Amino acid sequence: MLSHELLSIGELAERAGVSVRAVRFYSDRGLLPEAERSGGGHRRYPPQALERLRTIRSLRGLDVSLPEIAGVLEEDAGERLRDVVARRLEDLSAELRAMRWREAALRLLHDCPPGERAERLRLLGAVGSPPSTDAPARYWRRLLPTRLPARIAAAVVDAAVAPLPEQPSPGQVLAFARLHELTRAADDGCLAAHRPAVARPELLYDGLREAYALAAPALVAGHPPAGGEALDCFVTAHARSHERRDTPAFRRELNGALARGGHPVVRRYWELAGEVSPDPTPGAVDAWLGEALSRSV
């Protein structure tokens, strides 16, 4: 290549709209190969270095790391660039979720009465930012019977621990912080006290999942609790778990048991979960079906 076709470091920097220091930085890290050095030791670059430098500048402006940029500049750059952009989008989405959570948490502290600020700060500090649903998930894994099949247990945990909202309100932040504290405080004795005592827990939880799926649309649509396929499935799940049959007598017994209410910790869990999630919780659907049973008997 003729020397007059080469660009000095100053010319390259000016044409690319970057500083000479930036060109030197990228050169030293192998991202911008030099063609040769002048007699005075000055760097010289081929014309194609200009497009390479513009690519580097664009990717750095998108906060892509230098090792990732090096991969993009290699052969098969199109596919590598697509992968790098996809990863950066995932990272940015996570950062935005964390920022929205922190904004809602700060508004919660800013707008609350002064006498409640210290308590709310303590609750938020225990949750962390970005928040994690590990504590509620661990609570449910400990609550479920140990002999429950892994497939059913995983499905129950997934349904009971809903994903956190993408854009939480201060009220949702507070509700989750309280739910987080509630589940962390549950000791073994508390868990044993509100663990369902049934002969066939796998039949109970599997049947309830089906009943909830049938009843949820009616609840979302605002229909009042009523009998039907969902209620029949609900009662059958309870009956089979006790090795009983769905009879009028069993329905009366089940209605009486449900009327006495479940464990207060579980009730509180579903109250808070309902404040966090915009979708009906399994607890809300269970209450709807319980009311349908009460009306039917």
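Me: To begin with the sheet, what is the order of its strands?
Reply: Please note that this is a predicted model. The open sheet has 3 strands in the order S1-S3-S2, and their pairing is antiparallel.

Me: Which strands stand at the edges?
Reply: Those are S1 (residues 7-8) and S2 (residues 36-37). Each has a single partner strand, so one side of each is left without a neighbour in the sheet.

Me: How many bridges do S2 and S3 pair over?
Reply: S2 and S3 pair over 2 bridges, in the antiparallel sense. In S3, arginine 43 is the residue that stands opposite arginine 37.

Me: Now the helices. Which residues of H2 are buried?
Reply: In H2, which covers residues 20-28, the buried residues are Ala22, Val23, Tyr26 and Ser27. They lie on the same side of H2, because the arc they cover around the axis is only 135°.

Me: What comes just after H2?
Reply: Glycine 30 is found there, with a positive phi of about 80°. Just after H6, glycine 128 likewise takes a positive phi, of about 85°.

Me: Since you mention H6, how many residues does it have, and how far does it reach?
Reply: H6 has 14 residues, 114-127, and reaches 21 Å from its first C-alpha to its last. That is close to the 20 Å expected at 1.5 Å a residue. Its buried residues include Leu123 and Leu124, as well as Arg120 and Val127.

Me: Turning to the largest nonpolar core, which residues touch the most other members?
Reply: The core has 37 residues, and those with the most contacts to other members are Leu124, Tyr139, Trp140, Leu144, Val173, Tyr269 and Trp270.

Me: Which helix gives the most to this core?
Reply: H14 gives the most, with 7 residues. Helices that each supply at least two residues include H5, H6 and H7.

Me: One last point: what does leucine 144 touch?
Reply: Leaving aside residues up to four places away in sequence, leucine 144 touches Ala153, Val156, Val157, Arg195 and Tyr205.

Terms used
Residues are numbered from 1 along each chain as its sequence is written. This is a predicted model: local features need pLDDT of at least 70, side-chain atom pairs count only at pLDDT 80 or more; totals for chains, interfaces and linings use all residues. Side-chain values use heavy atoms; hydrogens and water are left out. Helices (H or I, at least four residues) and strands (E, at least two) are DSSP runs, numbered from the N terminus. The expected span of a helix is 1.5 Å times one less than its number of residues. Buried means under 20% relative accessible area, exposed over 50%, partly exposed in between (1.4 Å probe, protein chains only). The arc is that of the directions from the helix axis to the C-beta atoms. Two strands pair if DSSP finds at least two bridges between them. A nonpolar core is a set of buried Ala, Val, Leu, Ile, Met, Phe, Trp, Tyr and Cys residues joined through side-chain atoms within 4.5 Å. Contact means heavy atoms within 4.5 Å.
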